[in-house]
Amino acid sequence: MSDMRSSQLTVEDVQATAALIDLPLTDADAVEVAELLSAWMPAAVALSTRMQSVQELMPASTFNTTTGMAPHELAGAKG
């Protein structure tokens with residue numbers, strides 16, 4: 001893959017990567033992996049480009065409770 005932002009991943013790319021990590025991969029599996037990753041790459045490149053264009057990225061705070069209360073509110077809650 002000479003252009004790292006290319007959306008096409010070749011079977012040879014997959015086989016070379018598998019060989020680097022000693023992953024036994026049949027030719028048929030390498031074809032399937034290359035097709036799958038090639039299908040995912042355009043969206044991954046688009047997301048990467050979009051994220052790089054964001055000037056200020058702030059983390060999101062999420063609360064994973066069924067009560068709708070923040071963790072610090074739960075500490076003092078009576079139930």
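Here is a short walk through this predicted model, from the whole chain down to single residues. Because the model is predicted, local features are given only where pLDDT is at least 70 and side-chain atom pairs count only at pLDDT 80 or more, while totals for chains, interfaces and linings use all residues. Residues are numbered from 1 along each chain as its sequence is written, and side-chain values use heavy atoms, with hydrogens and water left out.

Let's begin with the overall layout. The chain has three helices and zero strands, and reading along the sequence gives the pattern α-α-α. Helices (H or I, at least four residues) and strands (E, at least two) are DSSP runs, numbered from the N terminus. Of the 79 residues in the chain, 11% are buried. Here buried means under 20% relative accessible area, exposed means over 50%, and partly exposed lies in between, using a 1.4 Å probe and protein chains only. Contacts, meaning heavy atoms within 4.5 Å, can also be sorted by sequence separation. Among those between residues at least 6 apart in sequence, 43% join residues at least 24 apart.

Now turn to helix 1, which covers residues 11–20. Its buried residues are D13, V14 and A18. Seen down the helix axis, these buried residues fall within an arc of 130 degrees, so they line one face of helix 1. The arc is taken from the directions from the helix axis to the C-beta atoms. On the face turned away from this buried side, helix 1 carries the exposed residues E12, A19 and L20.

What do the buried residues of helix 1 pack against? Their partner is helix 2, residues 27–53. The two helices pack at an angle of about 115 degrees, with their axes 8 Å apart. That makes helix 1 roughly perpendicular to helix 2. For reference, axes are lines fitted to C-alpha atoms, for helices over the stretch in contact, and angles run from 0 to 180 degrees between N-to-C directions. Angles under 35 degrees count as roughly parallel, over 145 as roughly antiparallel, 65 to 115 as roughly perpendicular and the rest as oblique.

At residue level, V11, V14 and Q15 in helix 1 meet D27, A30, V31, V33 and A34 in helix 2. By class, this contact has six nonpolar, one polar and one charged residues. Ala, Val, Leu, Ile, Met, Phe, Trp, Tyr, Cys and Pro count as nonpolar, Asp, Glu, Lys and Arg as charged, and the others, Gly among them, as polar.

Between these helices, take a look at D22, found in the loop from helix 1 to helix 2. D22 has a positive phi of about 55 degrees although it is not a glycine. At 71% relative accessibility, D22 counts as exposed.

Finally, W40 sits in helix 2. W40 counts as exposed, at 53% relative accessibility. Its C-alpha atom is separated by 9.5 Å from that of Q8, 32 residues apart along the chain.
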